[in-house]
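Let's take a walk through this structure together, one part at a time. Keep the picture open beside you and look for each part as we reach it.

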Amino acid sequence: MSHHPATAPAAPGLQIDAVNFAYSGTPILSSIDLDIAAGSFVSLLGPSGCGKTTLLRLLAGLELPQSGRLAWQGRPLAGPSLDRGVVFQDYSLFPWMTLAENVELALAKADPHSDLRQRRAAAAEFLGLVGLDSATAKYPYELSGGMQQRGAIARTFALGSPVLLMDEPFGALDPLNRAKIQDLLLAIWSGSNPRKTVVFVTHDIEEAIYLSDLIVMLGSTPGRVIQQLDVAFPRPRQRRELVRSPEFAALRQRIDERFQQDLIDRIDAESLVTSAAEGI
Amino acid sequence: MSTLSSAAAPLPRTSVSASSAQAASIAAPATVGAPFRPWRLLHGREGAVFLLALLALWLVVSTGLSFSGSYLFPSPWASLKALWISLPELLKGTASSFLILVPGYLLAVVAGIAWGLLVGTVPALHRLFSAFSRLASPIPPTIYIPYAIALLPSFRTAAGFIVFIGAFWPIFLNTAAGAGALPQRYRDNARILGLHGAEYLRRVVFPAALPHIFSGLSVGLVFSFIMLTVAELFGASAGLGRFIQLYADYADYPRMVAGILYTSVIVLLTTGLLEHVRRRSLFWVR
């Protein structure tokens, strides 16, 4: 999968050009344009129904757009590929395999020439990375939601994908475990070399701010980009200080107000249509 | 939410009635005038009571009544005695029957699962085979018996073939349905990991379809026994069905009933074994 290293000064990351996607005639995403720099952490933030999961599935190659172009490092996306690993909300692991077997399967796909002994050792290492050393022989149903998601992250790292696509991966977790796994994700992401490109779908504003370099705000019906915001807080980020800082509060409020504005715009647009209809 | 509450509903109801039944049986002697409801004592034991009632009916019909056909109803004691006497012959018959059943059934398991996974996964194969399968699967396999006996070199191969046909369709149909209904999440995961072909079938489709496959296996097993015993009635020189047929012909009804009881136990043990394997294999299904 690894071709020539990009010789351009800034390695092109994920590119989305004029992408439209409809599901059985209903527009889901409308003229999406987005550039995601390689090695950055980007959140797709929006209310339910804004098509953020669909956009992630397009990036994964699980869906293909009706029009427009998606590319990774200049190469158009034609389907799923091992250079883009995915963590789903709650079903990334096969329930009939132990954690270790799930990770070993990814390792076997990433390097078909490796032998079982090598894969065993590597699986233990990747599971150790997410703090699951003692649970390698457990089946997913024996694990908490947080442990399953840590296992899913370990599996994606085992795939060796330079791009990590995450679809509300922590949405089902309680706040404490959620905070812990966010910190874990940031730690292993900043430890990855070269640094992985992460696209993280969430509807939680604070989660998006805490994790991201760039927040892409999506509005709904149909899904479209309403604003992109750089998050300039230095890394490594300290949760305690960050959430108390006025800058954090200001950014949160700015995002909140932008979504409120979008909502009001849509209500106005609808009532315009309604009053026009009443005039007929 | 709705599935959750409907699944949870029977539990409190049973526990409430169980505890009230308990309360009634404890409180009944002490509380004067409390209505005595003996049927509450039956709660949870209905199945055993029904079996005892059947046994009592058998006893009454076979020993208490005297009518022109009463020799057709041997008493439980006579039947048990016949069972004890015939045990060596029945064991030999079991071996003979299983020599037909096991190869026929196992062949159906392998063919039904492999072909079912392919037909459930590859749309072109589904289009190729579904018309034939809809046509052929509802045909009662018993109608092939005379032809199979005429066509195949020995009774054993003919009976094995009939067992195979009887077991194949339920196994194939359930496997194909399970593979065809593969949840989107497993398909997504397999595509993300780049799983294709045989590896995809073996590591994803097969385990995901296992709950369906096991329903097919148990229906197929029951069908195998039916096909086997029917085939043995036609032309076997040994076997369980042959045993029952033989003693019915001799009008030795205690032995015939013993054969029926023995065969039931063998079927129960075999299906119980399969159920055990099912529980062990599907540990991950919650």
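Before we start, keep in mind that this is a predicted model.

We begin with a pair of helices in chain B. Find α10(B), which covers residues 240–249, and α11(B), which covers residues 253–281. How are two packed helices described? The description uses the angle between their axes and the distance between the axes. Here the angle is about 160 degrees, and the axes of α10(B) and α11(B) are 8 Å apart. An angle over 145 degrees counts as roughly antiparallel, and α10(B) and α11(B) are therefore roughly antiparallel to each other. The crossing of α10(B) past α11(B) is left-handed. On the α10(B) side, the contact is made by Leu240(B), Phe243(B), Ile244(B), Tyr247(B) and Ala248(B). From α11(B) come Arg255(B), Met256(B), Gly259(B), Ile260(B) and Thr263(B). Sorted by class, the residues of this contact between α10(B) and α11(B) are seven nonpolar, two polar and one charged.

Now stay with α10(B) and look for another helix that packs against it, α4(B), made of residues 76–121. The axes of α4(B) and α10(B) come within 7 Å and cross at roughly 135 degrees. α4(B) and α10(B) are therefore oblique to each other. In this contact, Glu89(B), Leu90(B), Gly93(B), Thr94(B) and Ser97(B) of α4(B) meet Leu240(B), Arg242(B) and Phe243(B) of α10(B). The classes here are three nonpolar, three polar and two charged.

Let's move over to chain A and its strands. Which order do the four strands of the open sheet follow? The order is β2-β1-β4-β5, with antiparallel pairing. At the edges stand β2(A), residues 26–36, and β5(A), residues 75–76. Each of these has a single partner strand, so one side of each is left without a neighbour in the sheet. For β2(A), look at its pairing with β1(A), residues 14–23: the two run antiparallel and share seven bridges.

Across from Leu218(A) you will find Val225(A) in β10(A). β9(A) and β10(A) form a hairpin with four residues between them, and in the turn Thr221(A) has a positive phi of about 45 degrees.

Next, step back to view chain A by its domains. The domain assignment gives domain 1 as 1–83 + 162–280 and domain 2 as 91–160. Their centres, taken over C-alpha atoms, are separated by 26 Å. Where they touch, domain 1 contributes 11 residues and domain 2 contributes 12 residues. On the domain 1 side, the largest share comes from helix α5(A) (residues 175–191), with five residues. That side has 10 nonpolar, one polar and no charged residues.

Finally, let's see where the chains meet. 17 residues of chain A are in contact with 12 residues of chain B. On the chain A side, β6(A) (84–87) and α2(A) (99–110) are the elements that give two or more residues. α2(A) gives the most, with three residues. By class, this side of chain A has 14 nonpolar, two polar and one charged residues.

Definitions and conventions. Residues numbered from 1 in each chain as written. Chains lettered and ligands numbered in written order. Predicted model: local features only at pLDDT ≥ 70, side-chain atom pairs only at ≥ 80, totals over all residues. Axes fitted to C-alpha atoms, helices over the stretch in contact; angles between N-to-C directions. Parallel < 35°, antiparallel > 145°, perpendicular 65-115°, else oblique. Left-handed = near helix turned anticlockwise from the far one by under 90°. Contact = placed C-beta atoms within 7 Å. Nonpolar A, V, L, I, M, F, W, Y, C, P; charged D, E, K, R; others polar. Pairing = 2+ DSSP bridges. Domains from an automatic or database assignment.
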